[in-house]
Amino acid sequence: MTTSYQKTLNDFIASRKDTYQALALDIHDHPEVSNYEFHACEVLSEQLKKEGFTVKIDVAGHRTGFDARYKAEKAGPVVVFLAEYDALPGIGHACGHNLFGTTSLLAASGLKQVIDEVGGEIRVYGTPGEEGGENGSAKASFVREGFFKDVDVALCVHPGYQHALTAYSLANDPVDVEFFGRASHAAAAPEKGINALDAVIQVYNSINALRQHFPDDVRIHGIITHGGDVANVVPEYASARFYLRAEARSTLNDVYQKFENIVKGAALATGTTYKFGLFQNSVDNNVPTYRFDEIYLNHLNRLGFDVEEKSSPVAGGSTDVGNVSQVVPTIQPNISISDGYIAGHSIEFKAAARSQKGLESILLGADLLASTALDLILDVELLAEVKEKHQESLANQAK
């Protein structure tokens, strides 16, 4: 029977090849940043409606987010496929999210062909702004607003230069720092001014001094977003933006507090006032569930592929998939879209995201995700094991 279901999945996915590849190219041709993914949201939502899903747009506080659902009359697990479709400012789809979203849609649509028989519910959550930006990191909002309260598992696959299993990622607090002083002539009456730029520089120097006392996994990096207007006026306003990262949320909470103390100290030392806080959703560290990845790997092997490493190393960046992994078992393996190494967020990656291999990855990824989800629906004990291992992973994550 499982073989019959697998054939149904495979036949459907193959039949939709042209449609979903064209969709990926269309989104690649219309790159949109966080909170402005209007075209991508529309075309993906319309495709889901054509596939028989009920779709709501503007959800969880995100105008370009969507929630698509199909529920069988027969009871069963609730499976969520995560869809990303935002681009990077300036460079466009250099992270391959044009492939990411279409792959999740095709996986969900493929699984839908057998869901009435096997039982359960399929959802596709369209989550804007994974790369950050205005109202970015939408998965945190979906978690906060309760979209995962009744979900059993979540799945997605990310384009990469090679096949890999789900990796750990860093928690990330994106923060803005603003200082407010008093303008004055920088040469004729400097004593009348209060220099907001000095406060920003003080923050930089203090962070550099504190680095030696942070754990090795902590990363702090930022830019000055405003340093004054002209050189002969004491800057009355200055600002900076930082990413604070660590392997675990508990560590990052401590880093956040120390960083805010530095901001307070800089304001006190310079006589300025300040504003400080998150400029978008906070991102949690990813918690892989190896048993879940093993199911995915079995299907990858079935199709004649393997991964370079079967362990899950710490990735150098952050993803709001981590927020989902904190509440339900979640996988986000990498799927190869290049025959050689390409760096993420590069011109080469952007080209690979519309290459023939990149487009073929949509069908491969959809097969892998749908087949993995189907295994969990058909095997109650396997699903229970995945959930148990997820709880163990949560308990054992870095403190």
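This is a predicted model: local features need pLDDT of at least 70, side-chain atom pairs count only at pLDDT 80 or more; totals for chains, interfaces and linings use all residues.
Colleague: What makes Arg241 count as lying over the face of Phe279?

Modeller: Arg241 is placed 3.5 Å from the ring centre of Phe279, and a charge sits over a ring if NZ of Lys or CZ of Arg is within 6 Å of the ring centre and within 35 degrees of the ring normal. Residues are numbered from 1 along each chain as its sequence is written, and side-chain values use heavy atoms, with hydrogens and water left out.

Colleague: How do you know that Arg241 forms a salt bridge with Asp176?

Modeller: The closest N and O atoms of Asp176 and Arg241 are 2.7 Å apart, and a salt bridge needs a side-chain nitrogen of Lys or Arg within 4 Å of a carboxyl oxygen of Asp or Glu, so the pair qualifies. Asp176 lies in strand S7 (residues 171–180) and Arg241 in strand S9, so the bridge ties together parts that are 65 residues apart in sequence.

Colleague: Why are Asp176 and Arg241 called neither buried nor exposed?

Modeller: Asp176 has 22% relative accessibility and Arg241 has a relative accessible area of 32%; buried means under 20%, exposed over 50%, and partly exposed in between (1.4 Å probe, protein chains only). Both residues therefore count as partly exposed.

Colleague: What makes the bridge between Arg249 and Asp284 a link between separate parts of the chain?

Modeller: The side chains of Arg249 and Asp284 meet at 2.9 Å, N to O. Arg249 belongs to helix H7 (residues 249–270), whereas Asp284 sits in the loop between strand S10 (273–278) and helix H8 (290–302), so the two tied parts are 35 residues apart in sequence. Arg249 has a relative accessible area of 18% and is therefore buried, and Asp284, with its value of 18%, is buried as well.

Colleague: Why is the pair of Phe66 and Tyr85 called stacked?

Modeller: The structure holds 14 aromatic pairs, where rings of Phe, Tyr and Trp (its six-membered ring) pair if their centres lie within 6.5 Å, and planes under 30 degrees apart count as stacked, over 60 as edge-to-face and the rest as tilted. The ring centres of Phe66 and Tyr85 are 5.7 Å apart and their planes stand at 10 degrees, so this pair is stacked. Phe66 is in strand S2 and Tyr85 in the loop between S3 and H4, so the pair joins parts 19 residues apart in sequence. Both Phe66 and Tyr85 are buried.

Colleague: What do you call the pair of Tyr204 and Phe242, and why?

Modeller: Their ring centres are 5.1 Å apart and their planes stand at 50 degrees, so the pair is tilted. Tyr204 is in helix H6 (residues 196–210) and Phe242 in strand S9 (residues 237–246), 38 residues apart, and the pair thus links distant parts of the chain. Tyr204, at 21%, counts as partly exposed, whereas Phe242, at 3%, is buried. Together with Tyr256, Phe259 and Phe276, these residues form one aromatic cluster.

Colleague: How do you know that Ser338 is placed in a loop, and is it buried or exposed?

Modeller: Ser338 lies in the loop between strand S12 (334–336) and helix H10 (347–352), and its 13% relative accessibility makes it buried. Ser338 touches Gly160, Tyr161 and Lys357, not counting residues up to four places away in sequence, where contact means heavy atoms within 4.5 Å.

Conventions. Helices (H or I, at least four residues) and strands (E, at least two) are DSSP runs, numbered from the N terminus.
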